[in-house]
Amino acid sequence: MQKSLIFVYGVLIALTIATALIANFMLVSPFVVSLIMGLAVFKFSLVTFQFMELKKANSFWKVSLTLTLGLIVLLIIFLK
Amino acid sequence: MNTLKINYKNIYYPPGGILMWIIIFLELITFGMALVAFVYYGNEQRELFHHSRMQLNTTFGAINTVFLLTSGFFMANAVHQFKEKEIQKSSVFFKLAMLGGFLFLGLKSIEYYHKIESGISLDTNMFYTFYWLLTGFHVIHVIMGLVILGWTNYGMTKKDSDTITEDVEACAAFWHMCDLIWLLLFPVLYLIF
């Protein structure tokens, strides 16, 4: 097993637990929604760039994915 | 040991293949637009969406996230081992990745059973229309992913296998896509209302 993959996996699980704790112990507010969606974006990026090895791809794919994801999450945060 | 070198920096060869990435973008945009519509309607019916959201089991949702992330971790290791020509090790990781998928489906089935038992259906309200459609389509993707994983694992372990790195990467990219969709569905459906 690659050490980098183990590290990324550990971070992903820690962020999932953090998300669940935030949702359970904090009242829903614009800040909490932004925090939860921000953590989701970070986890999404870790999976794409590390597990799917997008970090090795042409910048076109990295920029396109970042813009698409960013637009969707920003719309969710603003509409909420 | 020789390993196959692919020029990932070429715009036509992202890891997993250009066709798989076109599918990933289409899926991301489709599910993304549905989630934006969900939030838009949720803003118009705040009480209803909050009440409905509170009926969902967030613990199940969080555990299912862990199942899919763990499965994705094993899948990434399976690709790594395949590139190192360690086919048997890769096959073990494939099976572990599939186990994560089956655990996800098992827990999802329990969640669906509780909802159906409580009389909650597609027609209950706007929240649950989105809930059933979004999670249902995602479950279909997971089932398809398991079929692809099983088929690829069979293909790469059989005698005189012609499975190449691009095949395994494409299979892995589809499986990771199931993680990605869930990483957006979980917070929006289970947490923010």
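## Exercises on a two-chain predicted model

B:Leu191 counts as buried, at 3% relative accessibility (buried is under 20% relative accessible area, exposed over 50%, partly exposed in between, with a 1.4 Å probe and protein chains only). This is a predicted model: local features need pLDDT of at least 70, side-chain atom pairs count only at pLDDT 80 or more, and totals for chains, interfaces and linings use all residues. Residues are numbered from 1 along each chain as its sequence is written, chains are lettered from A and ligands numbered from 1 in the order in which they are written, and side-chain values use heavy atoms, with hydrogens and water left out.

### Exercise 1. Surroundings of B:Leu191

Place B:Leu191 in its chain and list its contacts.

Step 1. Find the element. B:Leu191 sits in helix 6 of chain B. Helices (H or I, at least four residues) and strands (E, at least two) are DSSP runs, numbered from the N terminus.

Step 2. List the contacts, meaning heavy atoms within 4.5 Å. Neighbours within four places in sequence are set aside. From chain A, B:Leu191 meets A:Thr19, A:Ala23, A:Val28 and A:Ile36. From chain B, B:Leu191 meets B:Arg53, B:Thr58 and B:Phe186.

Step 3. Check a distance. B:Leu191 and B:Glu47 are 144 residues apart in sequence. Their C-alpha atoms are 14 Å apart in space.

Step 4. Cross to the partner. A:Thr19 belongs to helix 1 of chain A. A:Thr19 is buried, with 3% relative accessibility. Beyond residues up to four places away in sequence, A:Thr19 touches A:Ile36, A:Leu39, A:Lys43 and B:Leu191.

### Exercise 2. The fold of chain A

Step 1. Count the elements. Along the sequence the pattern is α-α-α.

Step 2. Look at burial. Chain A has 80 residues, and 46% of them count as buried.

Step 3. Look at contact range. Take contacts in chain A between residues at least 6 apart in sequence: 60% of these join residues at least 24 apart.

### Exercise 3. The interface

How many residues of chain A are in contact with chain B, and how much area do the chains bury between them?

Step 1. Count residues. 42 residues of chain A contact 47 residues of chain B.

Step 2. Take the area. About 4100 Å² is buried between the two chains, 79% of it on carbon and sulfur atoms. Buried area is the accessible area (1.4 Å probe) that two parts lose on being put together, summed over both. On the chain A side, A:Met52, A:Trp61 and A:Lys80 lose the most area to chain B, together 18% of what that side buries.

Step 3. Count polar contacts. Nine residue pairs are in polar contact between chain A and chain B, both residues at pLDDT 80 or more. A polar contact is a pair of N or O atoms within 3.5 Å; within protein, one must be able to donate a hydrogen and the other to accept it, and residues adjacent in sequence count only if both atoms are side-chain atoms.

Step 4. Assign the chain A side to helices. Helix 1 (3-25), helix 2 (30-51) and helix 3 (59-79) of chain A each supply at least two residues of the side that touches chain B. Helix 3 gives the largest share, 12 residues.

Step 5. Sort by type. That side of chain A has 28 nonpolar, eight polar and six charged residues. Ala, Val, Leu, Ile, Met, Phe, Trp, Tyr, Cys and Pro count as nonpolar, Asp, Glu, Lys and Arg as charged, and the others, Gly among them, as polar.
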